[in-house]
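Dear colleague,

Please find the structure below, handed over for your records. My notes on it follow directly after.

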Amino acid sequence: MAAEDELKLLGFWASPYVCRVKLALHLKGLIYDYVKEDVFTNKSELLLSCNPVHAKVPVLIHNGKPICESQVIVQYIDEVFPDAGVTLLPADPHDRAAARFWAAYIDDKLLPPWVHAYRGKTDEEKAERMKQTLAVVDALETAMEECSKGNAFFGGDTVGYVDVALGGLLSWLHGTEELCGAKILDAAKTPLLSAWARRFGELDAANAALPDVGRLVEFCKMRHVELEAAEAAAARN
């Protein structure tokens, strides 16, 4: 990292997308300023000006220029700082394409049903969404086998792009048992992912970037109550 490089991350502690970017920055050994955002009631003018399209975190500001969306930011970090820390995207074009595929799969297929497994209106809806979530996790177990080639991480011997994409969700995945009554990472059903999660959670970068599971669970319960109250109030009006 050159002396003139200035990195600033706009984020919110519980966001798994922000955690991804934190993971990438720590794995690269990059120094950055962290700006806490009130994403629910008082978004800053800086956030709104840097991400006028979505008005969401994370936003990475590099030498005054904003980059938005977690996966885009992680790829940017890897491209702009190729000699810092670990290389996240594989050098081989096919392996790189596969990594991008599975990272997109995580966002497109894992997150939507997981959210509804907790927020669903009926027990039947929650059960169906959890079934969908667990099917995606089964597919990721296969992805771990294929991408790791028998090594410790999706990226092989070292952490890679898919590790960061899934790793940003790790605290949420661990909290699912209390929130939803279901275990996402079950050693009996997904032994490779369960072992991966343990190894990943022991990394210095994970300890620095990921939120405490207990705090996250309490936050999620609180937000659920607030959303239900807001929906009830809207229905009365």
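Two strands are taken to pair if DSSP finds at least two bridges between them; helices (H or I, at least four residues) and strands (E, at least two) are DSSP runs, numbered from the N terminus. The model is predicted, so local features need pLDDT of at least 70 and side-chain atom pairs count only at pLDDT 80 or more, while totals for chains, interfaces and linings use all residues. Residues are numbered from 1 along each chain as its sequence is written, and side-chain values use heavy atoms, with hydrogens and water left out.

Four strands form an open sheet of mixed pairing, in the order S2-S1-S3-S4. Strand S2 (33-36) and strand S4 (65-68) are its edges, each pairing on one side only. From one strand to the next, the twist averages 25° (axes are lines fitted to C-alpha atoms, for helices over the stretch in contact; angles run from 0 to 180 degrees between N-to-C directions). Strands S1 (residues 7-11) and S3 (residues 59-62) run antiparallel and are joined by four bridges; Lys8 has Ile61 in S3 as its bridge partner. Helix H1 (residues 16-28) lies across S1, S2 and S3, at about 155° to S1.

His224 belongs to helix H10 (residues 213-236). Leaving aside neighbours within four places in sequence, His224 is in contact (heavy atoms within 4.5 Å) with Tyr118 and Arg119.

The structure holds zero disulfides (pairs of cysteine sulfur atoms within 2.5 Å). The sulfur of Cys180 has its closest cysteine sulfur in Cys220, 7.8 Å away, which is too far for a bond.

With kind regards
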